[in-house]
Amino acid sequence: MIRVESLTKVFRRPRTFPGPLGALRTLVTRRYDERVAVDDVSFEIPEGEVVGYLGPNGAGKSTTVKMLTGILTPTSGLVEVGGRVPWRDRSANARSVGVVFGQRSQLWWDLPLIESLRLVGALYDVPAAHFTGSLRRMCDLLGLDDFLDTPVRQLSLGQRMRGDLAAAMLYDPPILYLDEPTVGLDVLAKQAVREFIVDTNRAGRTTVVLTTHDLADVEALCRRIILIDKGRVLYDGGIDALVTAYAPPRRLVVHLADDETRTFDIAGGASVPELIGRVAAENTIRDLSIEEPDLESVIKQIYAESTR
Amino acid sequence: MAEIARALRLYWVLQRATMRGALQYRLNTVISVVTGAVYQGSGFAFVWVVMHTFPSMGGWSLREIAFLYGLRLTAHALCMLPLSSLIGLEWLVREGELDRVLLRPLNPLVQVMTKRMGMGQVGDLLTGVVLLIVAAPPWNLAMIGFCVPAVVGGALVEASFHLSLSSLSLRMLDTRALRGFLDDVFSKFGSYPMSVFGGVTQWVLTFVLPVAFVAYMPASVLLDKTGSLNVPALVAYGSPLLGVALFALAYRVWERQLRHYQSSGT
């Protein structure tokens, strides 16, 4: 469905100079500062897959998504979405993708939500009968009925995000890009967004590319993740395999009688009762727990290694 | 052809939606329209006062100048009514709003044009059309047949400068000051007969910055004054065509700049 090969994006800006006449020099300079935002990235996403595209701020996530959606032209490399080159065929590509930016709404600020949805329907040439059915489904899935007639500027963030999801899926695109769809949402709203994504993926075999900083999103939705940093792919594969491959050791945390807390790494294959016995022989234990490695600690470790 | 019809239909759908949004702020709308009309009206009132002292200006009577003024203003309003959104293009680029425009299956310029509703321009249009009708010589069919394309052509001349300069902001160049200056030149020089200016100024306003083509030449044709032009009468008759040619060129510039769009950070 989505094929990316050696994708690279270099941003080029005239060099800025300090000092009182710096602005003038910037205006006439022929020297440029180059920043490589995406560096030789390749991956393939088959139809119906939900992929988490992860990386720290500035890693190149948004730039990649913008090239996948055709907003940006790649410096080099190849992007093919459903057999099309997105930036060369923006209009046709637009019809086959839904895009949600968590930070930016696509709805009409001053108009009731229902009007925004109608306008999206008109823009994507959704036939009237089809629109009614689609709208009904969105209302049921996302619980829009209570605020369909409220101007978008008066919606809460959670309501607005549900409206944005409806607008992105109203014309049944086979591909859905979600750029931080749960940013700033409360627990319940996050849950609603996740359930919607699971439903659309299951019902329509919609391919989903999700960028997020919320690893709970990833664990709830994706089986596969692509990790990038500084524009390069660090990992591409299943979440389980990632945790196994990079797993930091399990740790024994012991709270001692004198309010001291100590932690011991449990080496692979070591016997836990034996370790506890050894610690108990030397100290008075008040409480103890075993920490399993989770996705967050794994990813923290990978980011840390890539920075080094 | 079907694609153009679709674009026009969707332009109307989107522009109406923006209008409905703007009309939520009723007082704001009323103030904008009235301000636009009063501002342009006061500009003409000044001409009126001057003409009380001098019966004619460059060989043109008050009534003829009123007609020219109305023609220029109508063309200007016709240009800015759909294009007033371009004034905010810098903002659309900086806020990343243009990303969404590129994600929708409709010509990006059509979408940008519908982002705002220029209420002030409605006032411009009112004043312009009133002047045009009140000051016009007795109409006949041939005059109407020339006047309509002339106003459209004049609007396109002005529009082509706005469009090509605004499109530079797709590459983070802020051209608002330059556009403000050009807007001034078009209104300050375009609303009076070129014959009051010196030969060099007139030459520049004809061949370098074609202000004369917006209203002065068409008005000369309609008022039967082509004899005093600095170009052959045939050029004045063909003046509406310049707008079409310049706008086609400006649209090419816009498309070119759009290809270099770099979006914002997030």
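Before anything else, I wrote down the handedness rule: a crossing is left-handed if the near helix is turned anticlockwise from the far one by less than a right angle, and right-handed if clockwise. I also noted that this is a predicted model, where local features need pLDDT of at least 70, side-chain atom pairs count only at pLDDT 80 or more, and totals for chains, interfaces and linings use all residues. Residues are numbered from 1 along each chain as its sequence is written, and chains are lettered from A and ligands numbered from 1 in the order in which they are written.

**Entry 1: a helix pair in chain B.** I looked at helix 3 (residues 62-83) and helix 7 (residues 119-135) of chain B, whose crossing is left-handed. Helices (H or I, at least four residues) and strands (E, at least two) are DSSP runs, numbered from the N terminus. The axes of helix 3 and helix 7 of chain B come within 7 Å and cross at roughly 150 degrees; axes are lines fitted to C-alpha atoms, for helices over the stretch in contact, and angles run from 0 to 180 degrees between N-to-C directions. That makes helix 3 of chain B roughly antiparallel to helix 7 of chain B, since angles under 35 degrees count as roughly parallel, over 145 as roughly antiparallel, 65 to 115 as roughly perpendicular and the rest as oblique. On the helix 3 side of chain B I found B:F67, B:L71 and B:H76 among the residues that meet helix 7, whose own include B:L125 and B:G128. I sorted this contact into 13 nonpolar, six polar and two charged residues. Here Ala, Val, Leu, Ile, Met, Phe, Trp, Tyr, Cys and Pro count as nonpolar, Asp, Glu, Lys and Arg as charged, and the others, Gly among them, as polar.

**Entry 2: a helix pair in chain A.** Helix 6 (residues 157-169) and helix 7 (residues 187-204) of chain A pack at an angle of about 15 degrees, with their axes 9 Å apart. So helix 6 of chain A is roughly parallel to helix 7 of chain A. I read their crossing as right-handed. Among the residues making the contact are A:M161 and A:L165 of helix 6 and A:V193 and A:F196 of helix 7 of chain A.

**Entry 3: two sheets in chain A.** I traced an open sheet of six strands in the order 5-6-7-3-8-9, with mixed pairing; two strands pair if DSSP finds at least two bridges between them. Strand 5 (97-101) and strand 9 (232-238) of chain A each have a single partner strand, so one side of each is left without a neighbour in the sheet. Inside chain A, strand 3 (residues 50-54) and strand 8 (residues 224-229) run parallel and are joined by four bridges. The other open sheet I looked up has three strands, ordered 11-10-12 with antiparallel pairing. Helix 10 (residues 272-282) of chain A lies across strand 10, strand 11 and strand 12 of chain A.

**Entry 4: where the chains meet.** I found 24 residues of chain A in contact with 19 residues of chain B, contact being C-beta atoms, placed from the backbone, within 7 Å. Chain A's side has 11 nonpolar, seven polar and six charged residues.

Notes
Contact = placed C-beta atoms within 7 Å.
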